[in-house]
Amino acid sequence: MSKPPRLTLPSGARAHVLSTARGGFAVHEAGEPVRGTALLVPGFTGSKEDFIGLLEPLAGAGYRVVAVDGRGQHESPGPRDESAYALEELALDVLAQAAALGGGPVHLVGHSLGGLIARAAVLRDAAPFASLTLMSSGPAAISQAQQERTKLLVAALEAMREDMAGVWTAMRSFDPEDAVPDAPELAEFLRGRWLATVPEQLIATGRILVSEPDRVDGLRGVALPKLVLSGEVDYAWPVPLMDDMTHRLGAERVVVRGTEHSPNAEDPQVTAGALAAFWDAHPQV
């Protein structure tokens, strides 16, 4: 899971609810659209807080930045109905969020599962977007090893969806013995985020991660600037797989040295610099 580098919003950022045609979504927002607007979509078990380290540097680069909780995720409400979290439904949410931001085409960034959701939104309608960044997100389903872990989690959620605290305890019991303990404030946040997320959202999106087909050829035909950004190591989609996807897409490529699956949280300054440089080279029209 992504772990935010901090939990307090930077000066000038605000938390609010973005009203859209498909309901309200909890967001963190910073900056003014001097050079453009960006929408950041988090991954599986994640939330808008995963992008908190990007807000200040991207706002400083002249961008209005909006990081969102998807439906049923952390502080955004969602129904207890798995069908509400089908990939197509989540893609429609992203399109509604982009429309609610106004001000012209939006630079779209999807992290991990968020990359699959962002891709689905662009494939449905690319008109609202100025560019697409796939961050630590690959061409199809996650790696076989991660599929097995995710299937176990989905099965546990199906059996214990009314005991999210119990699932959390069981899930954290698989943490490596030599893992550095989370700071108390972060540990409390991570547990609270898990408990606030609708179990059907996790079940449905977990299934997406283990079954998504390769849709790269279709995305290649979408006339948008594309960036594939990742760390040096990735357990969900191996880096060589993302390198190959970059070639197939005709996309730009950035590897953030010293990071793994969450460069947005592990090195937000370098990640923000790479995003701003990409957006600067492909301004909104």
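Serine 136 has a relative accessibility of 0%, so it counts as buried; buried here means under 20% relative accessible area, exposed over 50%, and partly exposed in between, with a 1.4 Å probe and protein chains only. Serine 136 sits in the loop between S6 and H4. The helices (H or I, at least four residues) and strands (E, at least two) are DSSP runs numbered from the N terminus. Serine 136 is not a glycine, yet its phi is positive, about 50°. Most residues other than glycine have a negative phi.

Before I go on, the ground rules. This is a predicted model, in which local features need pLDDT of at least 70, side-chain atom pairs count only at pLDDT 80 or more, and totals for chains, interfaces and linings use all residues. Residues are numbered from 1 along each chain as its sequence is written, and side-chain values use heavy atoms, with hydrogens and water left out.

Threonine 45 also has a positive phi, about 65°, without being a glycine. Its loop runs between S3 and helix H1 (52-60). Threonine 45 counts as buried because its relative accessibility is 17%.

Now the sheet. It is open, with 8 strands in the order S1-S2-S4-S3-S5-S6-S7-S8 and mixed pairing; two strands pair if DSSP finds at least two bridges between them. The edges are strand S1 (14-20) and strand S8 (252-256), each with a single partner strand, so one side of each is left without a neighbour in the sheet. From one strand to the next, the twist averages 25°.

What are its two partners? On one side, S3 runs parallel to S5 and is joined to it by 4 bridges, with leucine 40 having valine 109 in S5 as its bridge partner. On the other, S5 (residues 106-111) and S6 (residues 129-135) pair in the parallel sense over 6 bridges, and histidine 107 stands opposite serine 131 in S6.

Two helices pack on this sheet. Helix H2 (residues 87-101) touches S1, strand S2 (23-30), strand S3 (36-41), strand S4 (63-68), S5 and S6, and its direction makes about 105° with that of S1. Helix H9 (residues 239-249) touches S6, strand S7 (226-231) and S8, at about 170° to the direction of S7. Contact means heavy atoms within 4.5 Å; axes are lines fitted to C-alpha atoms, for helices over the stretch in contact, and angles run from 0 to 180 degrees between N-to-C directions.

Back to S5: 6 of its 6 residues are buried, so the strand is largely enclosed by the rest of the structure. Val106, Leu108 and Gly110 point one way, while His107, Val109 and His111 point the other way. In a regular strand the side chains alternate between the two faces of the sheet.

Apart from neighbours within four places in sequence, leucine 108 contacts residues including Leu39, Val41, Val94, Phe129 and Ser131. The largest nonpolar core has 60 residues, and those with the most contacts inside it are Leu39, Leu108, Phe129 and Trp194. A nonpolar core is a set of buried Ala, Val, Leu, Ile, Met, Phe, Trp, Tyr and Cys residues joined through side-chain atoms within 4.5 Å. A second, separate core has 23 residues, among them Leu55, Tyr63, Ala274 and Phe278.

Trp194 is one of the buried residues of helix H6, with Leu186, Phe189, Leu190 and Arg193. They cover an arc of only 130° around the axis, which puts them on the same side of H6; the arc is that of the directions from the helix axis to the C-beta atoms. Pro184, Glu185 and Glu188 are exposed on the other side. The buried residues of H6 pack against H4, H5 and H7.

What are the buried residues of H4? They are Gln146, Gln147, Thr150, Leu153, Val154 and Leu157. These fall within an arc of 130° seen down the axis of H4, so they line one face of the helix. Ala145, Arg149, Leu152 and Ala159 are exposed on the other side of H4. The cover over the buried residues of H4 includes helix H5 (164-172), helix H6 (184-196) and helix H7 (199-211).
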